[in-house]
Amino acid sequence: METIIRNSGKTQVFREKANKVMGISLEDARLTKSYLSVAFLAILLGGMLGLLQGLNRAGMLELPVWLNYYQVLTAHGLLLVVVLSAFFTIGYFYAGLSHTLGGLLPKVRKMAWIGFWMKIFGFVLAVIPILMNEASVMYTFYPPMAASPIFYIGLVFIVLGVWMCAFGAFINVASWRKRNPGQHIPILSFFATGVFVLLFFGSLPVAIEVFTIIPWAFGWVETINVMVARTLFWAFGHTLVNIWYLTAVSAWYVIVPKIIGGRRWSDLLTRIVVIALVMMNITGGFHHQIIDPGISEPVKYMHVFMSLAIGFPSLMTAYAMFAVFERTARKKGGRGLVGWYKKLPWGDVRFLAPFIAMAAFIPAGAGGIVQSTNQLNQVVHNTMWIVGHFHLTLGMSVVMTFFGISYWLVPYVSKRVLTPQINKLGVIQTIIWTIGMVIMSGAMHWVGLLGSPRRTSYSTYFDNATALSWDPYLFFLAIGGTLLMIGVLIQVYAVFYLMFFAPKGNTEFPVAEVEEDAAPTPRWTERWGLWIVCMLVLVGMAYVIPLVDFIVNAPPGSPPYKTW
Amino acid sequence: MMHRSEKIWLTLSFGMIIGFMLITGYQTFALEMGPPSHGERIDPQKVDETAPFDQPGIKQIGENEYEVVMTLQVFSFTPSEIEVPAGSTVHFTLTSKDVVHGFQVADTNLNAMVVPGYVQKITQKFDKPGEYLVLCNEYCGAGHQMMSTTITVK
């Protein structure tokens with residue numbers, strides 16, 4: 001028995017070394033390629049639908065009856081918010097797990113495949129009623145609007161598929177820890193652990209919500225508790241947002257320093273940021289309900305604090321990133337107070353895209369802090385400002401980081417190389433995307449402040465003067481949207497070119513090392529059980545009081561409505 | 001372990017968040033500028049039979065002070081086309097007869113979610129004369145983009 005264990009241990013060590021030298025195994029590569037392909041097809045489709053909306057909001061395009069604005073918007077949200085983000089995150093982190101943990105365990109790979117097909121199946125189920133105009137309920141599907149039950153069953157499969165991947169990741173990390181006692185989880189896998197912990201715990205509330213909706217949508221139960229459903233949704237909805245953000249942050253801390261030829265920021269502080277983001281995230285969801293009835297002002301005030309607290313680790317990140325840039329640039333001979341920036345590789349898309357993504361997070365994060373604050377939220381809630389905000393955070397900070405990752409991750413898993421031409425194309429794409437997003441998101445912020453609502457097809461409100469005065473701003477949505485569509489086409493071309501046609505060769509998985517004189521990271525950072533307990537305590541503090549109040553003092557429930 | 005400049009940066013960051021909280025707290029609890037948070041419940045299927053929504057409308061309750069009892073339903077506001085004199089303070093009492101709606105008045109800070117089963121309250125002083133656009137800012141169905149009315153301040 002002992003020899004067998006020792007032998008299997010040796011095989012594992014051998015596999016880990018082989019993995020580092022020879023690159024990712026074909027089976028692990030196929031998994032990530034499949035996930036990335038779905039992600040970029042989703043952005044192609046979702047981008048086209050986005051352009052349709054931009055043109056409609058600008059008053060330039062009336063959508064046909066068989067594909068109305070709200071169908072398009074529901075599909076756009078689902079494709080980009082759920083499909084793109086989930087498939088990219090899982091594809092990227094599974095490649096990271098494979099690279100840093102010495103390959104995926106066969107059973108974990110199988111779980112990821114089962115998860116893949118469950119999500120695809122769930123997505124197809126959800127899309128059919130959307131196309132049939134039986135589920136124009138937006139990606140938030142607030143009851144008592146009721147979609148076809150098939151839509152919700154589709155969502156269940158998507159969640160189950162995500163859980164498969166989360167548990168797969170936990171099993172792989174646990175197995176590595178057992179084989180490497182006393183060692184720290186490699187940093188990228190540490191981020192992956194945090195992301196999958198959040199994916200699992202964050203999607204629990206929405207799973208509960210959907211399980212209460214299904215019998216109601218079928219008509220087996222007459223009414224539903226609207227506020228409970230809404231609250232459970234946002235416990236998930238905002239966590240999801242932060243999951244992609246944490247994914248992007250992992251690349252900022254771990255990948256980008258390597259690409260610019262530098263070293264990582266303090267390992268301990270990096271891990272503290274991950275732990276803090278994991279613990280504090282789920283509680284942030286409540287700021288979506290700041291102007292809801294039925295929640296008292298003291299509870300809302302506590303939630304403002306819980307939401308703003310998430311800003312702190314992000315501000316730690318802001319410092320860390322610029323410190324790494326400066327340190328690296330100075331080592332290369334950069335001089336002056338800010339003159340060192342010339343030494344950064346601006347012509348390298350793998351740096352340029354995530355750099356602009358980070359820079360975009362400065363106004364995006366500031367806007368986030370401002371709009372989470374009680375009274376200021378009241379000014380912008382459900383206006384176009386919010387749409388501008390999440391196109392800045394997700395469309396720029398997160399998605400541009402994903403784009404930057406794709407220029408090395410796709411060649412890495414395809415055993416090909418990034419050519420200078422595609423790098424140049426990537427730089428052009430980054431510039432087009434930046435201009436498009438700045439124009440669109442800027443106009444959205446502004447017109448939102450003036451009062452233009454989100455999730456509303458083009459309307460002059462019976463030629464109301466105020467509504468008509470928004471039109472010039474809304475026109476920029478069409479200009480920005482068109483540029484973004486060009487950006488999507490270039491990006492999708494680059495991804496599939498790198499996957500199937502680029503010259504063969506070896507591409508490195510760029511994981512930066514810590515500084516040579518770095519102090520060892522304390523062991524306590526590895527206590528994931530404790531972090532999860534802390535997270536659950538915070539979630540309890542945030543949600544027990546309002547949820548119990550909504551349930552115990554519930555008004556009579558609402559029957560299902562189909563209002564479209 | 002930490003650089004001095006990082007300590008300064010993080011202290012400022014922490015101070016900024018606390019600053020936001022102090023100002024928000026002061027405005028919410030001392031100046032009563034908190035977000036609309038009314039807690040009263042109502043049977044969403046019996047709105048028409050429940051006071052005060054059995055008689056939606058506008059009522060003067062004091063000098064320059066009005067109460068508007070309003071129901072929101074797909075895709076309209078009842079009552080619609082409200083008129084008040086300039087300088088009036090208007091207290092809105094709102095509920096939904098069907099799905100979730102939003103009550104937003106452009107060029108003011110009036111913005112509240114109106115959820116079936118709950119009574120929502122929000123107050124605004126209208127100083128400047130003009131026609132204010134009232135619109136639903138929560139997607140509520142096929143005619144959501146038509147759900148609007150006006151408040152005229154004379």
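**Notes on the predicted two-chain model**

1. Start with helix α1 of chain B, residues 4-30. At 1.5 Å a residue, its 27 residues should span 39 Å, and the end C-alpha atoms lie 37 Å apart, which agrees. Keep in mind that this is a predicted model.

2. Which residues of α1(B) are buried? They are F20(B), T24(B) and T28(B). Their packing partners are in chain A: α9 (297-309), α11 (349-371) and α12 (374-380).

3. Domains of chain B. The domain assignment gives domain 1 as 1-34 and domain 2 as 47-153. The C-alpha centres of these two domains of chain B are 35 Å apart.

4. The crossing of α9(A) and α1(B) is right-handed.

5. Here is the residue list for that pair. From α9(A) come E297(A), Y301(A), V304(A), F305(A) and L308(A). They meet I17(B), F20(B), M21(B), T24(B), G25(B) and T28(B) of α1(B). F20(B), T24(B) and T28(B) are the buried residues of α1(B) named above.

6. Now the whole contact between the chains. Chain B puts in 55 residues and chain A 54 residues. On the side of chain B that touches chain A, at least two residues each come from α1, β6 (101-105), β7 (111-114) and β9 (130-135). Helix α1(B) gives the most to that side, with 12 residues.

7. Check the cis peptide bonds. Most peptide bonds are trans. The bond from P143(A) to P144(A) is cis, with omega near 10°. P144(A) is in the loop between α4 (106-131) and α5 (149-179) of chain A. In chain B, a cis peptide bond joins A51(B) and P52(B), with omega about 0°. P52(B) is in the loop between α1 and β1 (57-62) of chain B.

8. Check the positive phi values too. Most residues other than glycine have a negative phi. N382(A) is not a glycine, yet its phi is positive, near 60°. It sits in the loop between α12 and α13 (384-414) of chain A. Is N382(A) buried or exposed? It has 23 other C-beta atoms within 10 Å, and 20 or more makes a residue buried, so N382(A) is buried.

9. R455(A) is another case. Its phi is positive, about 50°, although R455(A) is not a glycine. The residue is in the loop between α14 (420-450) and α15 (465-468) of chain A. R455(A) counts as buried because 23 other C-beta atoms lie within 10 Å.

10. Inside chain A, look at α2 (residues 26-57) and α13(A). Their axes come within 9 Å and cross at roughly 140°. That makes α2(A) oblique to α13(A). The crossing of α2(A) and α13(A) is left-handed. What does α2(A) bring to the contact with α13(A)? A29(A), T32(A), K33(A) and L36(A) of α2(A) meet V410(A), V413(A) and S414(A) of α13(A).

11. P85(B) and K154(B) are 69 residues apart in sequence, but their C-alpha atoms are 4.8 Å apart in space. P85(B) is in the loop between β4 (82-84) and β5 (88-96) of chain B. Why does P85(B) count as exposed? It has 12 C-beta neighbours inside 10 Å, and a residue with 12 or fewer is exposed.

12. L67(A) and M132(A) are 65 residues apart in sequence and 8.9 Å apart in space, C-alpha to C-alpha. L67(A) is in the loop between α2 and α3 (69-100) of chain A. With 13 C-beta neighbours inside 10 Å, L67(A) counts as partly exposed.

Methods: Residues are numbered from 1 along each chain as its sequence is written. Chains are lettered from A and ligands numbered from 1 in the order in which they are written. This is a predicted model: local features need pLDDT of at least 70, side-chain atom pairs count only at pLDDT 80 or more; totals for chains, interfaces and linings use all residues. Helices (H or I, at least four residues) and strands (E, at least two) are DSSP runs, numbered from the N terminus. The expected span of a helix is 1.5 Å times one less than its number of residues. Two residues are in contact if their C-beta atoms, placed from the backbone, lie within 7 Å. Domain bounds come from an automatic or database domain assignment. A crossing is left-handed if the near helix is turned anticlockwise from the far one by less than a right angle, and right-handed if clockwise. Axes are lines fitted to C-alpha atoms, for helices over the stretch in contact, and angles run from 0 to 180 degrees between N-to-C directions. Angles under 35 degrees count as roughly parallel, over 145 as roughly antiparallel, 65 to 115 as roughly perpendicular and the rest as oblique.
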